[in-house]
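Here are my notes on the model you sent over, point by point. Have the structure open while you read.

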Amino acid sequence: TRRGPGRLCRAPPGRGWRRIDVGRGTMGDSVKLYIGNLSFKTRSADLQDYFSQFGSVEDAVVIMDRDDPDRSRGFGFVTVSSMDVAQDFIRQSDGQDLMGRNIRVNVAQERSGGGGGGGGGGGGGFGGGGGGG
């Protein structure tokens, strides 16, 4: 089925349908960069300020620890306007110092479905594992 700028396609098994872009290049589309090896003290504003020296930043976010909201998890994301801009940011910042750490910068990979959501099903019973006794 074709609608709008994308096409409705079957997603991986068990995930229903989703819209994907067909026939459009990535030039001009926003690109998310993964920023790794950040100091645990780095905040989103620090990322925004640092990367603004290389050009326009659409968004900057540092992922914070769930158990300690004042501590970063050591990585974040910066969104820029195009792949050309992203490549320029990578060239200028990968391996450079930010708050005492040599950061890693590359194009973020789309998350694959799995992730840590806990397994479903399996073994019934009441608590504990096993039997016997």
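1. A definition to start with: I call a residue buried when its relative accessible area is under 20%, exposed when it is over 50%, and partly exposed in between. On that scale, 25% of the protein's 133 residues count as buried. Bear in mind throughout that this is a predicted model.

2. The overall layout. There are two helices and nine strands, and from the N terminus they come in the order β-β-β-β-α-β-β-α-β-β-β. If you take the contacts between residues at least 6 apart in sequence, 56% of them join residues at least 24 apart. The protein exposes about 9,000 Å², with carbon and sulfur atoms supplying 48% of that area.

3. Strand 4 covers residues 31–36 and pairs with strand 6 (residues 72–80) in the antiparallel sense, over six bridges. Strand 4 also pairs with strand 9 (residues 104–107), again antiparallel, this time over four bridges. Which residues partner Tyr 34 in these two strands? In strand 6 the bridge partner is Phe 77, and in strand 9 it is Asn 106.

4. Now helix 1, residues 44–52. Leu 47, Tyr 50 and Phe 51 are buried there. Viewed down the axis of helix 1, the buried residues fall within an arc of 90°, so they line one face of the helix. What do they pack against? The list is strand 4, strand 5 (59–64), strand 6, helix 2, strand 7 and strand 9.

5. On to charges: the structure holds two salt bridges. One joins Asp 88 to Arg 91, with the closest N and O atoms 3.7 Å apart. Both residues sit in helix 2 (residues 83–93), and because they are three residues apart, about one helical turn separates them. In general, an α-helix has 3.6 residues a turn, so residues three or four places apart point the same way. Asp 88 is partly exposed at 28% relative accessible area, whereas Arg 91 counts as exposed at 61%.

6. In the other salt bridge, the side chains of Asp 94 and Arg 104 meet at 3.3 Å, N to O. This pair links distant parts of the chain, ten residues apart: Asp 94 is in the loop between helix 2 and strand 7 (97–98), and Arg 104 is in strand 9. Asp 94 is partly exposed, with a relative accessible area of 26%. Arg 104 is partly exposed too, at 46%.

7. Have a look at the loop between strand 6 and helix 2, where you will find Ser 82. Is Ser 82 buried or exposed? Its relative accessible area is 11%, under the 20% cut-off, so Ser 82 is buried. A polar atom of the Ser 82 side chain lies 3.3 Å from the backbone nitrogen of Val 85.

8. Arg 73 belongs to strand 6 and counts as partly exposed, with 47% relative accessibility. Leaving out residues up to four places away in sequence, Arg 73 touches Phe 40, Ile 63, Met 64 and Asp 65. Thr 42 is 31 residues from Arg 73 along the chain, and the C-alpha atoms of the two are separated by 9.3 Å.

9. Last, some backbone angles to check. Most residues other than glycine have a negative phi. Asn 37 is not a glycine, yet has a positive phi of about 65°. Asn 37 lies in the loop between strand 4 and helix 1 and is partly exposed at 31% relative accessibility. Met 99 also has a positive phi, near 55°. Where is Met 99 found? Met 99 is in the loop between strand 7 and strand 8 (101–102), and at 39% relative accessibility Met 99 counts as partly exposed.

How values were computed
Residues are numbered from 1 along each chain as its sequence is written. This is a predicted model: local features need pLDDT of at least 70, side-chain atom pairs count only at pLDDT 80 or more; totals for chains, interfaces and linings use all residues. Side-chain values use heavy atoms; hydrogens and water are left out. Two strands pair if DSSP finds at least two bridges between them. A salt bridge is a side-chain nitrogen of Lys or Arg within 4 Å of a carboxyl oxygen of Asp or Glu. Buried means under 20% relative accessible area, exposed over 50%, partly exposed in between (1.4 Å probe, protein chains only). A polar contact is a pair of N or O atoms within 3.5 Å; within protein, one must be able to donate a hydrogen and the other to accept it, and residues adjacent in sequence count only if both atoms are side-chain atoms. Contact means heavy atoms within 4.5 Å. The arc is that of the directions from the helix axis to the C-beta atoms. Accessible areas come from the Shrake-Rupley method with a 1.4 Å probe; for residues, only the protein chains shown count as cover.
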